[in-house]
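Thank you for making time this morning. I would like to take you through one structure slowly, beginning with a pocket and then turning to a pair of helices.

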Amino acid sequence: MNPSNRSRPARKTAYNKPPTTFSEQVNKLVSRGLSIPDQSKAEFYLSQLNYYRFAAYCLPFEQDHASHRFQANTAFDDVLNLYIFDRELRLLVLDAIERIEVSLRTQLAYHLSHNHNTAHPQLNPELFYNPIIYGASINKLEGDISRSREDFIKHLKNKYEELQPPIWAVVELMTMGQLSKWFSNIKSRADRQAICRVYGLDEKIMTSFCEHLSLVRNHAAHHARLWNRDFTKTPMLPKRGETALLDSLSVLPDSDRKLRKLYNSFVLLAYLMNKICGENHWKQQLIQLINHHQIDIDRMGFPADWQARLIWQ
């Protein structure tokens, strides 16, 4: 190929937009058609939320993205309501993920140690499938142990001669992302199935969901927009299992963009919360949150009849 025929990257230009005051930011929103009856209130919120962050929540209310003109009768409180909903949704999702993460740590440590009769199964590379992933995981864990200021880690390191504390201690240092990597790299399917038995899910489904949850958690923990986000890494959906779970999932063609939204993730979270927490109010809190803020659930990938499906009863 002639080098001259290769496509060249677009020529960059200098960023010449000046910084604006909070008052100027409010005026910009008004000029684009946003109703702001209380400008001092709007200035206050922009002074705390950052205009650039707030603007992301304006997008669903725009009639024309090129000009950023708002749809008729859109008010500042409409956008603020969506922002508050998304913040509360992140907290609710993080609550469920935390419980699943703690449960998975427990199951992984319990079954690997009992199945292989050792307190340190993480130190045996023969128990894991991919040596490269194992090497990266054990090095990351070793670094976390050496940097840990937890009293129980310090005590175990100082008292015992093994290279690491026992697995039931070190799992407490694993993030959801690291836990997902350790779990998915376990060589024996019997070990993975034993870990997943308490959840009533096949190990392939649980592995896929944990990988997806690590992405969701990262977005939520870093305060990123969650409510209508597309996720390229979507969970594998079970084809066998409890009726309440199977009938509540949204099964669509792979090309349907709604599969990249969070509805099926919410179904699986609600299902797992019922498995690991006994009586809980997580799904009721999600329903109340959506109803209170009157959110357009279609943008979140929800089917129209979602509340009639068994998991939400």
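Before we look at the pocket, a word on terms: a pocket here is an open set of grid points with protein on both sides within 12 Å along at least five of seven lines, and its lining residues are those that have an atom within 4 Å of a point. Please keep in mind throughout that this is a predicted model.

With that in hand, the largest pocket has a volume of about 600 Å³, and 20 residues line it, with Lys17, Lys28, Tyr51, Tyr52 and Ala55 lying nearest its centre. If we sort the lining by residue type, it divides into 11 nonpolar, 5 polar and 4 charged residues.

Which helices each supply at least two residues of this lining? They are α1, residues 22-31, and α3, residues 51-56, and it is α3 that gives the largest share, with 4 residues.

Let us now follow α1 to another partner, α2, which covers residues 39-49. The two helices pack at an angle of about 115°, with their axes 9 Å apart, which means that α1 is roughly perpendicular to α2. The crossing in which α1 passes α2 is right-handed.

On the α1 side, the contact is made by Phe22, Ser23, Gln25, Val26, Asn27, Leu29 and Val30, while α2 brings Gln39, Ala42, Glu43, Leu46 and Ser47. Taken together, the residues of this contact comprise 6 nonpolar, 5 polar and 1 charged.

Notes:
Residues numbered from 1 in each chain as written. Predicted model: local features only at pLDDT ≥ 70, side-chain atom pairs only at ≥ 80, totals over all residues. Heavy atoms only, no water. 1 Å grid on protein atoms, 1.4 Å probe; cavity = no way out; pocket = protein on both sides within 12 Å on 5 of 7 lines; lining within 4 Å. Points joined across faces, edges and corners; volume = space filled by probe spheres on them. Nonpolar A, V, L, I, M, F, W, Y, C, P; charged D, E, K, R; others polar. Axes fitted to C-alpha atoms, helices over the stretch in contact; angles between N-to-C directions. Parallel < 35°, antiparallel > 145°, perpendicular 65-115°, else oblique. Left-handed = near helix turned anticlockwise from the far one by under 90°. Contact = heavy atoms within 4.5 Å.
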